[in-house]
Amino acid sequence: MSESGSRDDLEGAPDAIVQMRGVHKWFGDFHVLRDINLNVGRGERIVVCGPSGSGKSTLIRCINRLEDHQEGDIVVDGTLLTPDIRKIETVRRKVGMVFQDFNLFPHLSVIENLTLGPVLAQHEPQTEAETRAVELLERVRIPEQARKYPGQLSGGQQQRVAIARALMLRPKIMLFDEPTSALDPEMINEVLDVMTELAEAGMTMICVTHEMGFARKVADLVVFMDEGEIVEAAPPDAFFANPENERTKLFLSQILH
Amino acid sequence: MTARSAISSAVPVASPRRLPPARERGVVRWLRRNLFDGPSNTILTVLALWALFVTIPELVRWAIIDAVWHTDDPQRCREAAGACWAVVAEKYRVMLFGTFPYDQHWRGVLAILIIVGMGIISAFKRFWSYWLFAAWLAATAVVLVLMLGGVLGLEPVGTHQWGGLPLTLVMFLGTVVGGMPAAVFLALGRRSSLPIIRALSIGFIEIVRGVPLITVLFMASLMFPLFMPEGVTIDKFLRAQIGMTLFFAAYAAEVVRGGLQAIPRGQYEAADAIALSYWQKTSRVVLPQALRIVLPALMNDIIRAFKNTTFVSIIGLFDVLRATSTAIQDPLWVLYAIEAYLFIFLLYFVFCFAMSRYSEHIERDLARGRNL
């Protein structure tokens, strides 16, 4: 699709901060994303769910170009994603990401993990970045861990540090890639609570998660994916009460007990 | 549901915490377990003890009891039945400084102190940063000024006059200080997505790894000048230095690459996600972790680089070993070469053992999963 095509789409959905239009992606011969069309409105929360291997992680990883797509357009806050590294970095400065395995930098203390991005990528003075880092650590309720190293923290604490690290770039959009899947059960809620607060504060969020309680509580739209396609998308009430597609019904019956 | 089994059971208790039961200790137990564990081990132990019994007293007699420690008269050594350590006291200036001008030896001493001092500072983790590398560059510059002279009122000394321990240490220092960045760039280049850079890195590493160090040195000293235009000469020491550095870089590059491969993909992605550029990601996230992982293996290469400096003697440079063999050609003292070589052996051992212990210490820290 051409550049002008994406501009038309911009006019078509002026409030959408993320637009995906006819996005296809292959891993080798494997068609992992098939004709993805998705708009995310400013301040809205999208929950993406689906069986493993359905392409849901790949989908959100395309939004900050951790994966590249082969066909279609992805526009993030007015920037069309191309192989141009400057455009990619522009988008990445606006998009925070939280990973399943936290991916904190183990050789840096918590506070250094937080300040590294803003100081290097946005040339923020170290002292200002540290002040903001302490505030964010209070917001995720672990101010006392600032000088520790990631290896000294529990999984739940590490994931909250990872959320704070992503917030340090003052992102317009937050991507969550199964943020609670690697956590012990007793730590899931402390992370979900932070995410819920973030949603209540008006952050635009795209969450890949199997936490259906969280989806019910905060999502504006629940997207169900299977085999690389968006199978169904509906507000949570309708999605859980009256799923239309058979595949959605099967998935929900397996995941909800 | 079927009937439950009545066999499984568990007993809830309230049991207080206490220390583990005392273990058996004692010398006899240790001896039995480690030295006399079965007939074959007992035989080996007895044989080893016998060998020690035969050699140790003779060695002690030769090296200590009957040894001559101080004399400037080789005749006294000839009369004694033991080692002649006096040769070291007599010849140490030539052994340690070779052909370096005698009245300028203090400059060599300072160069040695700077290099050893920097080595000790580098052993402390609190000093680990890119600043430390800058400090090494500065130390290298100071050492070169000291050794070469010609500025600040220092008498100029050409590299053809260098010799002994300062030459060995400067060669070693240049090899590591120049070779480490080269190794890092080669390792990064080998993993680069740019095909030409990757091909050049692979080509260089494989070619250099495919030839012996002696060949590299002969190339540097004999063949390289043939390729140079008329009238252009490059200092022999510098040519050897470049050869040593490139040789070290090719080996160390493969070690560093191993470290790069050990960094999980998630670290790269997390750095990408916070919008770091390639060089920011490499210098602040990937390399600090990769170099920590491979430090013990790198120390192995560094120790080998130290010992490899002895090879430069074959192209006519007077490193500490060559200087020693020259020193004991004095017909008065030529009989006591063994003592002189033992002294140099001790010198090499002290340097290498210190580096080896240091590497072991780091390995222990890594095994504990500590943040270095």
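Select chain A, which has 10 helices and 10 strands. Helices (H or I, at least four residues) and strands (E, at least two) are DSSP runs, numbered from the N terminus. This is a predicted model: local features need pLDDT of at least 70, side-chain atom pairs count only at pLDDT 80 or more, and totals for chains, interfaces and linings use all residues. Residues are numbered from 1 along each chain as its sequence is written, and chains are lettered from A and ligands numbered from 1 in the order in which they are written.

Stay on chain A. Its C-alpha atoms fill a box of roughly 50 × 45 × 35 Å along the principal axes. Of its 257 residues, 47% count as buried (20 or more other C-beta atoms within 10 Å of the residue's own; exposed is 12 or fewer, partly exposed in between; C-beta atoms are placed from the backbone).

Next, select residues 56-63 of chain A. This is helix α2, and eight of its eight residues are buried. Among them are K56(A) and R61(A). Step just past α2(A): R65(A) takes a positive phi of about 60 degrees.

Now pick V48(A). Which residues does V48(A) touch? Leaving out residues up to four places away in sequence, they are K56(A), L59(A), I60(A), I206(A), C207(A), V208(A), V223(A) and M225(A). Contact here means C-beta atoms, placed from the backbone, within 7 Å.

Move to chain B and select 105-122 and 130-148. These are α5 and α6; their axes come within 9 Å and cross at roughly 170 degrees. Axes are lines fitted to C-alpha atoms, for helices over the stretch in contact, and angles run from 0 to 180 degrees between N-to-C directions. The crossing makes α5(B) roughly antiparallel to α6(B) (over 145 degrees; under 35 is roughly parallel, 65 to 115 roughly perpendicular, the rest oblique). Show side chains: L110(B), I114(B) and M118(B) are among the α5(B) residues that meet α6(B). On the α6(B) side, look for residues including W136(B), V143(B) and L146(B).

Last, show both chains. Here 17 residues of chain B are in contact with 20 residues of chain A. On the side of chain B, the elements giving two or more residues are α11 (265-273) and α12 (278-308).

Terms used. Contact = placed C-beta atoms within 7 Å.
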